[in-house]
Amino acid sequence: MSKITGAQAIVKCLQEEGVDTIFGFPGGVILDLYDALMDSSISNLLVRHEQGAVHAADGYARASGRVGVALLTSGPGATNGVTGIATAYMDSIPMVVLTGQVPRALIGNDAFQEVDIVGITRPCTKHNYLVSDPDELVPILREAFYLAASGRPGPVLVDMPKDVMAAKMDYPAKEEIRMQTYQPTLDPHPGQVTKACKAILKARRPVLYVGGGVILSNSNQELTELAEKTQIPVTMTLMGLGAFPGTNPLSMGMLGMHGSYAANMMVAKSDLLIAVGARFDDRITGRLDTFAPDAEIIHIDIDPSSISKNVKVDIPLVADCKNALTAMNAWLDSSAEFDRAAFAEKHREWNEQVREWNAKHPLSYQDEGEIIKPQFVIETINRLTGGDAIITTEVGQNQMWTAQFYKFNQPRQLLTSGGLGTMGYGLPAAIGAKVAFPDKTVIDIAGDGSIQMNIQELATAKQYGAAVKVAILNNGYLGMVRQWQELFYNRRYSGTPMEVTPDFVELAKAYGAVGLRAKTKSEVEPVIKEALAINDKVVIMDFVIKREECVFPMIPAGRSTTEMLLA
Amino acid sequence: MKHTLSVLLRNKPGALSRVTGLFSGRGFNIESLCVAETLDPQVSCLTLVTRGSDAIIEQIMKQLHKLIDVIKVSDISEGEYVEREMVLIRMKAEAGTRAEVLRVIDIFRGKVVDVSPTSYTVEITGSESKVRAVIDILRPIGIKEIVRTGTIAMARVPKK
């Protein structure tokens, strides 16, 4: 076989891995690879800031379930990507980030645009590599894709010196990847499955607490089967929304800091908590020693280090959620002790109690005439999109109102930065999702603060015809921080008023997009309808909402989950 | 409680920093750390002494295991094991104290490995507590400088 360059080998390897889209930003050391990409069928999208590239690759990955790929140059290109990498890491998103590096001979010399990106990203990648030998380039790339997508997924960074990409090499034949040090446990221990199912048989007040792991493992159907046949009520984390249909009567929506009253009450009063692909994050548990005090806890997770990290688990099930749920469903089906009708009867009273809590304090807000309430905007978007759009969010109030008032019925429909809480995520992620699903309606629900963090990506959207929509809930504040100041800092609004924001309608025009504005409640629906009717252009909807609206319920940080502020 | 962990890791650039970064990043503490190649030059053995409740040690072991470069993690202080540390001590060795230094070294089965007109450099090997005891006894006589290796340890009966 004739020799090819490292850059050509990279392109070949990417194609072998099924990569069709890359989000990136070029620079000196990565020119060889950019040049080689021109001869391939891979679409190579130029973003306007490297953080946008990584978030777009992340949005592409979350929406499609495939590995997202970002391509950055060395030095500032790489460091600009770090927030995006950390975002993906916290939410376990499969992603490969390729960075250029200065030639090997210059590494360590403080060369122009040199930075130790492998050192910098060590704590926020699943794994990372500096390719120091051209012969290792392709094997490392293959390993990177394998690691990113398998087990508990996550971002993997490969740092590639310029001279490695220029080196001549033979393209190695593909081999099955076997790693001595990495063998995720996919199948549950049968004894643990039995224990878990027996606990379900015996429980009087069981709850399913569902996280992003169910979405990552594509096991929403298995989960729905388990919930429906056992009639166990379901609550989801922010990352889990969509894993179980939000309109199913068993769904009590999200739990935790801004979860529903019923969700938090049922967890608090449960005698069996079945955690599936969730990690007992502090936004869920509140004060740890009062979390689900009477519950026996089953925890299904592919990552052993998630088990008993924050909350002591009684029945751990280390496995891929899909395999664990399948095994549990099969166990119950074949058990003489399990009967669907009898179970529905057994849990009837408990479900009535849960519904009663929900009826007592449903998610709600006060209508204030023509003043636009943000919750109403989300409800209207939900209604007019038939609950079927891909929704991305920024971080803060916009994110929580979306989680509360948009009823996600499908997985991979809500793309949001849950763990890291990255403002500026939503717009580039929406572009990534739109590139993956050009025919889907993709809407970034944003605040006037967070949209400005990556607003430059409007140009990317325009350039590649990614006709996303942006709904800005504009209150002239950094709303969530302001809310904390209102509740806990005596309304001292330090650093939160956004006294100057661009005119978003004019800004839309400047970026070749359509700008719409609603200032009164009756303008909300027409604006959304108009936006939804435009399919060939980016649309920005500027909703001028009530300035000091808060997200409720709210569990103050560090308090028990039953100590919810309701209004 | 004190735990001595033995970690086998791939002998790759940056592997050690993944381990130490994990400890600092997650707020675990390292009391001592000792690392060198094993019989297989591609594998390093790292002996790490840490403290924590059972839950914390369990978390440390799981997090270590999660690192791609880590091959095997064992808490060898769970069973019987031998541990050794070596210390090099430069002692003031003047007319009045030379004999006493030698006597103490002899009691602890140490040896003098370097001599200058004003100092002895002595080497002592033993458990961490023995090393501490020697230092405590020699300190009033006049220690100029010490260098300790940190603990290395090995399980007495290899686990199946």
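Reader: Is A:Asp320 buried or exposed, and what is the relative accessible area of A:Asp320?
Author: This is a predicted model in which local features need pLDDT of at least 70 and side-chain atom pairs count only at pLDDT 80 or more, while totals for chains, interfaces and linings use all residues. Residues are numbered from 1 along each chain as its sequence is written, chains are lettered from A and ligands numbered from 1 in the order in which they are written, and side-chain values use heavy atoms, with hydrogens and water left out. Buried means under 20% relative accessible area, exposed over 50% and partly exposed in between, with a 1.4 Å probe and protein chains only. A:Asp320 therefore counts as buried, its relative accessible area being 19%.

Reader: Which residues does A:Asp320 touch, not counting residues up to four places away in sequence?
Author: A:Asp320 lies in the loop between strand E14 (315-318) and helix H14 (321-334) of chain A, where helices (H or I, at least four residues) and strands (E, at least two) are DSSP runs numbered from the N terminus. Its C-alpha atom is 8.8 Å from that of A:Pro184, although 136 residues separate the two along the chain. With contact taken as heavy atoms within 4.5 Å, the residues that A:Asp320 touches are A:Thr185, A:Leu186, A:Ser217 and A:Ile302.

Reader: What is the relative accessibility of A:Lys360?
Author: A:Lys360 has its place in helix H16 of chain A, and its C-alpha atom is separated by 32 Å from that of A:Leu325, 35 residues apart along the chain. A:Lys360 counts as exposed, because its relative accessibility is 54%.

Reader: Which elements are included in what covers the buried residues of H12(A)?
Author: Helix H12 (residues 261-269) of chain A is mostly covered, eight of its nine residues being buried. Those buried residues are A:Tyr261, A:Ala262, A:Ala263, A:Asn264, A:Met265, A:Met266, A:Val267 and A:Ala268. Their cover includes strands E9 (206-210), E10 (234-236), E11 (251-254) and E12 (272-276) of chain A, together with helix H16 (348-360).

Reader: What is the radius of gyration of chain A?
Author: Chain A contains 23 helices and 20 strands. The radius of gyration is taken over C-alpha atoms, and the globule rule is 2.2 Å times the number of residues to the power 0.38. For 567 residues that rule gives 24 Å, so chain A is as compact as a globular protein of that length, its own value being close to the rule at 24 Å.

Reader: How far apart do the C-alpha centres of domain 1 of chain A and domain 3 of chain A lie?
Author: Domain bounds come from an automatic or database domain assignment, which for chain A gives domain 1 (4-169), domain 2 (190-360) and domain 3 (374-544). Contact joins 25 residues of domain 1 of chain A with 26 residues of domain 3 of chain A. The C-alpha centres of these two domains are separated by 29 Å.

Reader: How many residues of domain 2 of chain B are in contact with domain 1 of chain B?
Author: For chain B the assignment gives domain 1 (2-78) and domain 2 (82-154), and 29 Å separate their centres, taken over C-alpha atoms. Eight residues of domain 1 of chain B are in contact with residues of domain 2 of chain B, and the number of the latter is eight.
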